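Hi,

Here is the structure I promised to pass on. Have it open while you read, and my notes follow below.

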Amino acid sequence: MRMSRLASVVAALSASALLLAGCSGSSGGGGETSASPSDQILRIAMTEPGADAIPVWNQVKTTYEAAHPGWTVQYNFQNDDIYSTVGLPSLLSGGNAPDIFFEWSGNRLQTRHADGYAASIGDQLKAKGVTDLYIDGAFGGTSVDGKTVMLPLGKDVSNVIWYNKDIFDKQGLTPPTTWAELDAINSKLKAAGITPYAMGNKDLWPAGNWNGHVLSRIVGEQAYADALNMTSPLDSPEWVAAMDKMKEIHDGGWINDSVNSVSDNEGYTLFFTGKAAMTPIGSWLVDVRKDQAPTFNMDWFNLPAIDGGKGNQQSVLGVSSGLVVNAKSAKIDQAVDFFATLASSDIQAAFVKAGSSSLTKAGAATGLNPLSQRLLNLIETAPEIVSPPDTGYNLKVADALNTATSAVLGGAMSSQDALTQAQQKIDALK
Amino acid sequence: MKPNRGWTPYLFVLPAFTVFAISILLPLLGTFGLSFTRWDGSGALKFKGVANYIRAFHDSVYIASYWHVLIYVVATMVLEVVAGLLLAGAVSARPRTTFYRVAFFIPVMLPLVVIAVLWSFVLNPDFGLLNAGLDAIGLDSWKRVWLGDPNTALLAISVISGWIFAGFYMAIFYAGFARIPKDIIESARLDGAGEWMIFRRMKVPLVRGITEVAVLLCVTGGIQVFDLVFVLTNGGPYNTTEVPTTYLVKTVFRDQEVGYGSALAVILTVVIALIGLLYSRLRRKSSDVEF
């Protein structure tokens, strides 16, 4: 009787295991794709390109498929936040991993390369003449260990100071060239009853980006990188003095009280509804304005020079992005062919007409929206490009610094306390 | 001859066990296994032993998240359970109760994320209804950055939770009060007892068993709070509303530290299990009044 009961239990568990094995499907471990002859689908994962650019991406698909009979291009567009957090890792480690995926340069690209997901494509791009289609400097930030692993799609300026031209004109203000001039502008605006800055820093990165640029200008780019790479402390007297720039902004009442409780979109709304004269945010505000406030009169200026700063006072905070070929894919040749189609003159001109930026010679010849063109010129001619904390460096370290920035900007902590707390979090990671 | 039914019960249990295994057992075992590794979700797994657990006990934000959730649980005990009990008492003392029961229960039926988004508009310091209302009645000194001020953010989340779930506990207690024989209440009224005395001296003691269950639900549910905190503050400002669930979601999905996040999840599971065991030890057995 006992043996019969035991046998029944073992049989039930075995049946369950068989059922589970049948339900699990392909293991897909590590995102390997199978290169069977019947699998002629080129899978491409990326962030949502925007309604205007989607028809152009479909044009790329149609052109490629016409030139490669039997092959199908399959796009997987995801929301930016989802893609950059759980989306891409889930796709890479699942079955039918993408053959090509969108990625940002810096720490993220290095991580993909270290995990074996970034194929070296430099030689193939050269052989197909793709490299020659791009402007000088386009491939900056696309290499890891000296090998090109990314086809550049764009260079985003992550932070400039956008200003309401109508308010500036009415107050008789012009864009400042130094931080001291900017302080004077802030005081004048405040005296006129206008909040100088609006920002939605609930997710920490907007002020994190802005202050990252300020900090790098003051302590120097190398010291900034060393601290974020955990090779030097960021609670030194030099860093505390640099963080005091954010304290000045809080103490002067120069930023909306709600800065740490509203999202970036709500921050844009405050700016577009005239609740503040300026907003420090990235180049994508051009696209946001197109959707939310098409007639809003705005312009931008780069972070002004900070007197006594050790960094390059003409630096630009920016990040490259592009497409990476999955090194574990068996369709690397087909992926590079896709890149050749993507980089062709007609396609790049179409992207620019749709409002997207282009780093190709054809795209440059077509001409962008004037605001976007000037931003592209800014980053292309920048003597120094500084990576934002959360794109170029370890995310936990970036979070520690961004939390410190938000605490100082919100008046919750002194610069010293905020940076000491950040350093304690970073020390726990070592 | 008696038929052999040895296999039959197990075959009947098999479908339910399969669902249990897929949805609970395997993920539990998988998370436990991952908690001993370092993994970014796509690269190679590296075995780290108990390093993740040691790190968790030195992680000041994680430790503080338990303090925040304790404050939240205590606040929601009052705002949900006590408020639900009082609402049930008030509603059960009325002759026609359907409208009130439905009205108080409606927030329970709405998706938490929808409620959180709605309340984030109400509490918006620049455009929100609350600050605009305070302005309109001349109380602009009471205006706050409700979700951006460390002194008010956790309280605001607790109040919203109370607004949602007081109706849930009201429904539970109302059902308990409805089981009390009416003649007991009638005889108390004939003896001159007022509604408050009937509520305090009769109804509340008679639903003690239900109260104990409600407290357990509130505590275990409170420790697992996620949706409200994630949408309203995402642990901010400056980690002052960080709770264990939001922190482990950030660790896994934003920082891509799946191994460390798994360890945090295992610790949270153990804490909740210990609370359940403690509750069952502390609960007095069989002292409920039978009626």
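The axes of H10(A) (237-251) and H19(A) (residues 415-427) come within 9 Å and cross at roughly 120 degrees. Axes here are lines fitted to C-alpha atoms, for helices over the stretch in contact, with angles from 0 to 180 degrees between N-to-C directions. The two helices are therefore oblique to each other; angles under 35 degrees would count as roughly parallel, over 145 as roughly antiparallel and 65 to 115 as roughly perpendicular, with the rest oblique. H10(A) brings Trp239(A), Val240(A), Met243(A), Asp244(A) and Lys247(A) to the contact, and H19(A) brings Ser415(A), Gln416(A), Ala418(A) and Leu419(A). (In contact means C-beta atoms, placed from the backbone, within 7 Å; helices are DSSP runs of H or I, at least four residues, strands of E, at least two, numbered from the N terminus.)

This is a predicted model: local features need pLDDT of at least 70, side-chain atom pairs count only at 80 or more, and totals for chains, interfaces and linings use all residues. Residues are numbered from 1 along each chain as written, with chains lettered from A and ligands numbered from 1 in written order.

Now H9(A), residues 221-228: Ala223(A), Tyr224(A), Ala227(A) and Leu228(A) are buried, meaning 20 or more other C-beta atoms within 10 Å of their own, placed from the backbone. They sit on the same side of H9(A), because they cover an arc of only 130 degrees around the axis, taken from the directions from axis to C-beta atoms. Their cover includes H8(A) and H18(A).

Finally, 39 residues of chain A meet 32 of chain B.

Cheers

Terms used: Contact = placed C-beta atoms within 7 Å. Buried ≥ 20, exposed ≤ 12 C-beta atoms within 10 Å, placed from the backbone.
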